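The questions below ask how the labels attached to a protein model follow from its computed values. Each answer sets a value against the cut-off behind the label.

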Amino acid sequence: MKNMDVEIEQIAKEKAEMVLIRCHEVREEIREIADFVRSRQGMLSGRMNGAQYEIAVTDVYYIESVDGRTYLYTQKNVYETSCRLYELEELLKPKRFQRISKSVLVNLMKIQSIQPALNGRFTVLLKSGEKAIISRNYVKAFKSALKGEKENDGI
């Protein structure tokens with residue numbers, strides 16, 4: 001099969017962004033590309049310092065539940081959300097988020113590296129510099145989620 005050309009055009013801010021795929025036939029790889037683009041869209045609501053914000057899903061590095069409260073972590077800020085972790089897990093699973101412990105969901109697209117830890121666990125280093133532990137009970141599901149993203153990355 002011939003390689004696919006990729007072209008990116010920068011447009012004015014007042015124009016709507018769009019991804020257009022031109023193909024001879026809709027093959028599985030084309031469907032995967034379209035699904036990936038769709039998976040990266042969406043917003044979450046969060047509060048910080050008494051103000052309400054809309055946070056792009058792509059800006060969220062991980063989500064953590066602590067003492068019955070749920071927090072969205074971005075590169076520089078932490079927002080509290082009224083959603084429960086299990087609700088966010090269902091909502092965000094198609095958007096490349098994966099549960100790694102009872103209290104944490106991680107954005108697979110924000111992972112910098114993965115290292116083995118003690119007792120069958122792994123440590124995830126996020127691009128923000130923060131670390132999170134993949135609990136033993138979640139390692140198998142995490143590996144399965146990564147297979148579509150990266151070729152197993154040595155796990």
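Q: What makes Tyr62 and Tyr73 count as buried or exposed in this predicted model?
A: Both Tyr62 and Tyr73 are buried, and the word buried means under 20% relative accessible area, whereas exposed means over 50% and partly exposed lies in between, with a 1.4 Å probe and protein chains only. The model is predicted, so local features need pLDDT of at least 70 and side-chain atom pairs count only at pLDDT 80 or more, while totals for chains, interfaces and linings use all residues. Residues are numbered from 1 along each chain as its sequence is written, and side-chain values use heavy atoms, with hydrogens and water left out.

Q: Why is the pair of Tyr62 and Tyr73 called stacked?
A: A search of the whole structure finds 2 aromatic pairs. The rings of Tyr62 and Tyr73 have their centres 4.2 Å apart and their planes at 5°, and rings of Phe, Tyr and Trp (its six-membered ring) pair if their centres lie within 6.5 Å, with planes under 30 degrees apart counted as stacked, over 60 as edge-to-face and the rest as tilted. The pair of Tyr62 and Tyr73 is therefore stacked.

Q: Which parts of the chain does the pair of Tyr62 and Tyr73 tie together?
A: Tyr62 lies in strand S3 (residues 62-66) and Tyr73 in strand S4, so the pair ties together parts that are 11 residues apart in sequence. Strands here are DSSP runs of E with at least two residues, and helices are runs of H or I with at least four, numbered from the N terminus.

Q: How do you know that S3 pairs with S7, and which way do the two strands run?
A: Two strands pair if DSSP finds at least two bridges between them; 3 bridges join S3 to S7, and the two run antiparallel. Within this pairing, Glu64 stands opposite Val104 in S7.

Q: How do you know that S6 also pairs with S7?
A: Strand S6 (residues 97-101) is joined to strand S7 (residues 104-107) by 4 bridges, and these strands run antiparallel. S6 and S7 form a hairpin with 2 residues between them; Ser101 stands opposite Val104, and Phe97 stands opposite Asn107.

Q: Why is the contact of Glu80 and Arg47 called a salt bridge?
A: The side chains of Glu80 and Arg47 meet at 3.7 Å, N to O, and a salt bridge is a side-chain nitrogen of Lys or Arg within 4 Å of a carboxyl oxygen of Asp or Glu. The pair links distant parts of the chain, with Glu80 in strand S5 (residues 78-81) and Arg47 in strand S1 (residues 43-48), 33 residues apart.

Q: What joins Arg47, Arg69 and Glu80 into one network?
A: Arg69 and Glu80 also meet in a salt bridge, at 3.4 Å, N to O, and salt bridges that share partners join Arg47, Arg69 and Glu80 into one network. At 18% relative accessibility Glu80 counts as buried, whereas Arg47, at 33%, counts as partly exposed, and Arg69, at 45%, is partly exposed.

Q: How do you know that Glu29 and Arg27 form a salt bridge, and how accessible are they?
A: Their side chains meet at 2.8 Å, N to O; Glu29 is partly exposed at 31%, and Arg27 is partly exposed at 23%. The structure holds 4 salt bridges.

Q: What makes Lys110 count as lying over the face of Tyr61?
A: Lys110 lies 4.8 Å from the ring centre of Tyr61, and a charge sits over a ring if NZ of Lys or CZ of Arg is within 6 Å of the ring centre and within 35 degrees of the ring normal.
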